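Let's walk through how the parts of this chain sit against each other. Have a look at the model first, and then we'll go to one interface.

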Amino acid sequence: MNIHEYQSKAIMKEYGIHVPEGYPAFTVEEAVANAKRLDTPVVVVKAQIHAGGRGEAGGVKLAHSLEEVRKYAKDLLGSILVTRQTGPQGKKVNRLLIEAGAHIKKEYYISFLVDRESRGVVMMASECGGMSIEDVAAEKPEAILKEYIDPAIGLADFQANRMAYALHMEPAVVRKAATFMKYLYKLFVDKDCSLAECNPLVVTEENEVLVLDAKLNFDDSTLTRHPDIMALRDITEEDPKEREAAAEGLNYVNLGGDVACMVNGAGLAMATVDIIKENGGDPANFLDVGGDSTPEKIVAAFKIMLEGSQAHSILINIFGGINKCDVIATGIVEAAAELSGGKEEFPIPVIVRLEGRNVEMGREILHKANIKNLFPAADMDEGAKTAIRLAKEQREGK
Ligand code: GDP
Ligand code: MN
C-alpha cells in the first residue's frame, strides 16, 4: 500500500527524522491559512498524489507571497496532473501539502528496499538527488551506491558512516546523515515497509539533513498489524477497476496491453501472461477468477476487462479443478448475452481454452450457444497465438 508524501513525513517525524514544517490542505482557504501559519518567506505548494515526477509536471510550486499560495492552490486543486509515473490519464489532485521552503545546498537520493537477491534490505543512495532515479540507474549506474543490510544485525554504524562519506558529505554533516539513516532503517523495519525513499534528501545551507520528498510503501500482507497505517489508505488514489474487481472477489491487475486474459488460479494466470509475452503479445491484465467461479462472477470479470479498456481480444484459460468447465462455459454464454443485449456475440474476439473437470460438458455448452466472435483453442499455446493474431486484426480494423 502507498500513502501520501505528507503522511510519510508525519511518520518520519515520529522517528526523529527532520522534515520541513508543513500541513496538508484540502481547500484553497486551508492552503492560505497553512501558509500564514508557517510564516516563512518561501512556501512550497505540493500536489499530493500517489505518484512521483510531480516537480517536472508542475505539481511543486514555490510561492513567495500568500497571493501566490492562493493562485497555485487554486490551479492545482481539482486539476489532473500527468507525470511520468501516472500514465497518460493522469491523477486528480485532491490534497496539497503546504510546506516551509528550505535553503537547499545539495540534493541526494536515499532509499531502503527489500532485496530478494541478498535476502535482506538494501540501502541505496546517490549524489544525483532530486532527479528520476530510474534515469540515473539507466545512464549512470555507478552513481548509485549500495549497502547490503543483514536483517539479523540491522544497519551497522560503520555502514551508515561509510555511505555518508561515499556521498562526499562534509564531516560536520556525516554524523547527522548517519543518524538519519539509522532512524529511517528503524522505521522501515518497524512499519513493515517494502520501500522507504527520500528523493531528494537535502543538506541545507545551515548543514541540516532534511527530507524534502518522502515515499513509503508498505507490505500489504502486514497491514493487519498496523491499523495506524491502514487508516491512511486513500482509495481515491487506487485503480478503480482493481477496486471493483476486489469487491467482486476477483484478483485483477491492469498491465496496460491489449490482450486481456481471464484465468482460474494465480499460477496459471501468471503462466498465461508469460505465454502471451513469449509469443510477442502484450497482456492487458492479470485476472484470477479464483476457484469458486459462479456465472455471475464470470460476467463481472468480462465487464471489468471490457470497461474503458484498451483490450482487442480476450484469452480465457481455464483448467477445471475445483472450478467446473460447464459452470465457466455457462458464465461465458451469459456474459455474451448480457454484453450484447441478447444477441449472443462478443464485442471483441474471445478465445477459450478449456481443460479439466467437466470439459466435455463445457465445450458442448459453448458449441450449442454458437456465439459470434468466440473461438475455441486446443491448448494454451494455440490460444495465446490466436488471441494475439485476432487482437492485431482488430487493432488494424480488419
Ligand atoms: P517529485 O517531483 O514528485 O519527486 O516531487 P519533489 O518533492 O521531489 O519535488 C521536486 C523538486 O522540487 C525537488 O527535487 C526540489 O528541487 C524542489 N523542491 C521541493 N521542495 C522544495 C523546497 O522546500 N525548497 C526548494 N527550493 N525546492 C524544493
Ligand atoms: Mn521527489
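How many residue pairs are in polar contact between domain 1 and domain 2? The count is 13, with both residues at pLDDT 80 or more; a polar contact here is a pair of N or O atoms within 3.5 Å, where, within protein, one must be able to donate a hydrogen and the other to accept it, and residues adjacent in sequence count only if both atoms are side-chain atoms. On the domain 1 side that touches domain 2, helix H1 (5-14) and helix H4 (133-139) each supply at least two residues, helices being DSSP runs of H or I, at least four residues, numbered from the N terminus. H1 gives the largest share, four residues. That side divides into five nonpolar, six polar and eight charged residues, with Ala, Val, Leu, Ile, Met, Phe, Trp, Tyr, Cys and Pro as nonpolar, Asp, Glu, Lys and Arg as charged, and the others, Gly among them, as polar.

A word on the ground rules: this is a predicted model, so local features need pLDDT of at least 70 and side-chain atom pairs 80 or more, while totals for chains, interfaces and linings use all residues. Residues count from 1 along each chain as its sequence is written, chains are lettered from A and ligands numbered from 1 in the order written, and side-chain values use heavy atoms, leaving out hydrogens and water.

Now salt bridges (a side-chain nitrogen of Lys or Arg within 4 Å of a carboxyl oxygen of Asp or Glu): seven cross this interface of domain 1 and domain 2. Elsewhere in the listing, Arg95 and Asp234 pair up through their side chains at 3.3 Å, N to O.
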